[in-house]
Amino acid sequence: DATVTLPPSETQEVSAPLLVRAARRQQGDGLPVWFMRQAGRSLPEYKRVREGIAMLDSCARPDLVAEITLQPVRRYGVDAAIFYSDIMVPLKAAGVDLDIVPGRGPVVAEPVRDRAGLERLVPAEPGDLGFVDEAVRLLVAELGETPLIGFAGAPFTLASYLVEGGPSRDYARTKALMVGDPELWHDLCARLATMSAHFLRTQVEAGASAVQLFDSWAGSLSAADYTTFAQPHSARVLAGIATVPRIHFGVGTGELLTRMGEAGAEVVGVDWRIPLAEASRRLGPAYAVQGNLDPALLGAPWPVLAERVRDVVRSGAAAPGHVFNLGHGVPPETDPDVLGRVVDLVHEEGPTLRAE
Ligand code: CP3
């Protein structure tokens with residue numbers, strides 16, 4: 001048995017999932033692939049189990065969470081599962097009156113815009129995320145070799161929903177509060193950081209193999225404002241879960257990549273606006289990258305799409321680690337067969353393209 005001659009640490013690295021090895025910049029020519037929002041509305045089997053059940057109610061049912069999380073793993077053979085939940089779940093568990101409105105997104109009944117609003121926001125007690133712990137344990141047992149990615153929302157992105165009261169185009173109220181009352185802003189984000197860290201820790205302690213911190217809307221900030229108002233709070237969330245690889249992602253964050261890495265991640269997620277080789281050049285050799293096929297291209301004719309997939313693989317080979325993904329979530333109207341073909345292409349041609 002050749003492996004007995006290896007020191008324990010190396011044996012561990014050899015047997016770690018491909019996703020974890022890529023995050024640790026030790027993937028060789030293997031190329032892991034998963035998709036943000038792979039569990040969800042594009043799958044008919046998802047629509048069937050969700051019938052008549054509200055999104056946030058489904059997140060509180062461990063049996064449903066496990067089933068929905070497993071669906072894309074079964075269908076596509078992706079290299080990771082992502083926990084079916086939502087960035088707003090810890091807030092809901094803490095008693096915030098909010099709903100996820102189909103086609104719109106999170107809607108908060110009483111937006112937080114002053115100190116009284118902040119005082120209403122009391123982090124959940126340890127037991128309040130028991131349904132998360134239970135779902136993750138169920139999943140890890142069923143997933144076998146496939147790693148589970150846990151996730152949470154970053155304080156800036158969560159604050160944007162709380163302050164605006166729902167999805168926003170320009171984040172005007174959020175930014176006005178941020179620069180107009182920095183003390184309230186920092187207190188709000190500190191509280192949100194505590195909640196997200198608790199949500200992540202629950203998932204990691206129950207067996208998640210990696211985590212992703214979604215700062216989806218951080219790209220709306222200048223680098224200077226990101227550094228002052230968002231990064232310190234995200235850094236606190238990430239510092240609390242350093243035992244597993246950490247992925248840090250936002251949309252339109254080309255100008256923020258190095259700061260997002262410095263917040264405490266091993267992998268920086270990149271949207272489709274800049275090539276992965278350029279993202280990696282900005283980040284330097286200490287970071288792996290994740291991304292970055294434009295999700296809108298999933299509707300293009302297959303030969304064109306396939307060539308774009310190959311471009312992403314080739315560009316990603318310039319980075320010290322690459323996890324193949326989209327540049328943002330799977331659009332709801334995506335044909336699941338197309339995603340299946342992307343996974344097969346990445347698995348079949350990825351190693352050769354990376355070695356070129
Ligand atoms: O990626 C996955 O498959 C795992 C599950 C997951 C969901 N939300 C399920 C979901 C994850 C990782 C999230 C994170 C999330 N939620 C983010 C960060 C990721 C990103 O897109 O940038 C954000 C910003 C949210 C908030 C949110 N929740 C939005 C904007 C929406 C879309 C609303 C809509 O209908 O257009 C949701 C709803 C949501 N979250 C759905 C799913 C499967 C669809 C709701 C449904 O099925 O009815």
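Two residues are in contact, or touch, if their C-beta atoms, placed from the backbone, lie within 7 Å. This is a predicted model, in which local features need pLDDT of at least 70, side-chain atom pairs count only at pLDDT 80 or more, and totals for chains, interfaces and linings use all residues. Residues are numbered from 1 along each chain as its sequence is written.

Start with Val112. Leaving out residues up to four places away in sequence, Val112 touches Gly117, Leu118, Leu121, Leu162, Val163 and Leu188. Val112 sits in the loop between strand S3 (105-108) and helix H7 (115-119). Helices (H or I, at least four residues) and strands (E, at least two) are DSSP runs, numbered from the N terminus. Val112 counts as buried because it has 24 C-beta neighbours inside 10 Å. A residue is buried if 20 or more other C-beta atoms lie within 10 Å of its own, exposed if 12 or fewer, and partly exposed in between, with C-beta atoms placed from the backbone. Val112 and Met55 are 57 residues apart along the chain, and their C-alpha atoms are separated by 23 Å.

Leu139 belongs to helix H8. Leu139 is buried, because 25 other C-beta atoms lie within 10 Å. Its contacts, not counting residues up to four places away in sequence, are Ala66, Thr69, Ala81 and Leu148. Leu139 and Pro62 are 77 residues apart in sequence, yet 8.9 Å apart in space, C-alpha to C-alpha.

Helix H8 (residues 130-143) also packs against helix H11 (residues 182-205). The angle is about 30°, and the axes are 8 Å apart. Axes are lines fitted to C-alpha atoms, for helices over the stretch in contact, and angles run from 0 to 180 degrees between N-to-C directions. H8 passes H11 in a right-handed crossing. A crossing is right-handed if the near helix is turned clockwise from the far one by less than a right angle, and left-handed if anticlockwise. From H8 come Val132, Asp133 and Val136, which meet Phe199, Thr202 and Gln203 in H11. The residues of this contact divide into three nonpolar, two polar and one charged. Here Ala, Val, Leu, Ile, Met, Phe, Trp, Tyr, Cys and Pro count as nonpolar, Asp, Glu, Lys and Arg as charged, and the others, Gly among them, as polar.

Now turn to the ligand. It is surrounded by 23 residues, and the closest are Ala39, Gly40, Gly105, Phe214 and Ser216. A residue is near a molecule if its C-beta atom, placed from the backbone, lies within 6 Å of it. The shell around the ligand has eleven nonpolar, seven polar and five charged residues.

UniProt, in an unreviewed entry, places the feature "binding site" at Arg37, Gln38, Ala39, Gly40, Arg41, Asp86, Tyr161, Ser216 and His328. These positions span 292 residues in sequence, and the farthest two C-alpha atoms are 22.6 Å apart, so they do not all gather at one spot. UniProt positions are given in the numbering used here, feature names are shortened, and annotations may be inferred rather than shown by experiment.

Take two of these sites. Asp86 is in the loop between strand S1 (81-82) and helix H6 (89-93). Asp86 counts as partly exposed because it has 19 C-beta neighbours inside 10 Å. Not counting residues up to four places away in sequence, Asp86 touches Met55, Leu56, Cys59 and Ile100. Ser216 is in the loop between strand S5 (210-214) and helix H12 (223-239). Ser216 has 23 C-beta neighbours inside 10 Å, so it counts as buried. With residues up to four places away in sequence set aside, Ser216 touches Thr157, Gly250 and Val251.

UniProt, in an unreviewed entry, places "domain: Uroporphyrinogen decarboxylase (URO-D)" at residues 32-41 and 149-165. Residues 32-41 are 0% helix and 0% strand, with end C-alpha atoms 23 Å apart. Residues 149-165 are 59% helix and 29% strand, and their end C-alpha atoms lie 28 Å apart.

The backbone holds a few details. The peptide bond from Gly291 to Asn292 is cis, with omega near -10°. Asn292 lies in strand S8 (residues 288-293). Arg25 is not a glycine, but has a positive phi of about 60°. Arg25 is in the loop between helix H2 (18-23) and helix H3 (44-50). Tyr171 has a positive phi near 55°. Tyr171 lies in the loop between helix H9 (155-164) and helix H10 (172-180).
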